[in-house]
Amino acid sequence: RQARNEVAIQRKAVSTLQVAARAMLTSMHNEVKFFAATEIQRIWRGYKVSHMLVSHMLVVASAIKIQTVARGRQARNEVAIQRKAVSTLQVAARAMLTSMHNEVKFFAATEIQRIWRGYKVSHMLVSHMLVVASAIKIQT
């Protein structure tokens, strides 16, 4: 009978040890699973951040390139507008100079005519006065 009790106690001890061992193994297995899950999350987040960083850098580089192209185009357009304005001013200035030159030529021609007519009239007057003076002299 005592042997039976000892066997029963030993079986209960073995059973308790098995339960404790299984609990410990389950706990260790859960810790390993938790650690593995944490590692997977850490690696995934690191990859995601680095991938997002690379993606962000590409977006920034693309934006810079687009801005560069747009600013270059805007500058070329402004230069084209300035060149057109300068060209228009040159045309207007040339037209004004031509008009002024023609006015000067017209004025010069008019002055020459005025002086010539004045000279001609005064010369004719002197000539006429000489004729009259000669006629008077002849008569006296």
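Helices (H or I, at least four residues) and strands (E, at least two) are DSSP runs, numbered from the N terminus. The model is predicted: local features need pLDDT of at least 70, side-chain atom pairs count only at pLDDT 80 or more, and totals for chains, interfaces and linings use all residues. Residues are numbered from 1 along each chain as its sequence is written, and side-chain values use heavy atoms, with hydrogens and water left out.

**Exercise 1. Overall form**

Determine how many helices and strands the protein has, and how its radius of gyration relates to the globule rule.

Solution. Step one: the secondary structure amounts to one helix and zero strands. Step two: the radius of gyration (taken over C-alpha atoms) is to be set against the globule rule, 2.2 Å times the number of residues to the power 0.38. For 140 residues the rule gives 14 Å, whereas the protein has 59 Å, well over that value, so it is more spread out than a compact globule. Step three: along the principal axes, the C-alpha atoms fill a box of roughly 205 × 15 × 10 Å.

Valine 69 and arginine 1, 68 residues apart along the chain, are separated by 100 Å. Threonine 26 and alanine 80, 54 residues apart along the chain, are separated by 79 Å.

**Exercise 2. Surface**

State what percentage of the residues is buried, and which residues make the nonpolar patch that includes Met24.

Solution. Step one: buried means under 20% relative accessible area, exposed over 50%, and partly exposed in between (1.4 Å probe, protein chains only). Buried residues make up 0% of the 140 residues. Step two: accessible areas come from the Shrake-Rupley method with a 1.4 Å probe, and for residues only the protein chains shown count as cover. The protein exposes about 13,400 Å², of which carbon and sulfur atoms supply 68%. Step three: patches are made of residues with over 30% relative accessible area and no salt bridge, like charges being joined within 9 Å and nonpolar side chains (Val, Leu, Ile, Met, Phe, Trp, Tyr) within 5 Å. Met24, Leu25 and Met28 make a nonpolar patch of about 320 Å². Methionine 24 belongs to helix α1 (residues 2-139) and is partly exposed at 49%.

**Exercise 3. Salt bridges**

Identify the salt bridges and locate their partners in the helix.

Solution. Step one: side chains of opposite charge can pair when their charged atoms come close. A salt bridge is a side-chain nitrogen of Lys or Arg within 4 Å of a carboxyl oxygen of Asp or Glu. A search of the whole structure finds two. Step two: arginine 42 meets glutamate 39 at 2.8 Å, N to O. These two residues lie in helix α1, three residues apart, about one turn of the helix. Arginine 42 is exposed at 51%, while glutamate 39 is partly exposed at 23%. Step three: glutamate 111 bridges to arginine 114, with the closest N and O atoms 2.7 Å apart. Because they are three residues apart in helix α1, about one helical turn separates them.

**Exercise 4. Aromatic pair**

Classify the aromatic pair as stacked, edge-to-face or tilted.

Solution. Step one: rings of Phe, Tyr and Trp (its six-membered ring) pair if their centres lie within 6.5 Å; planes under 30 degrees apart count as stacked, over 60 as edge-to-face and the rest as tilted. The centres of the tryptophan 44 and tyrosine 47 rings are 5.7 Å apart and their planes stand at 35°, so the pair is tilted.
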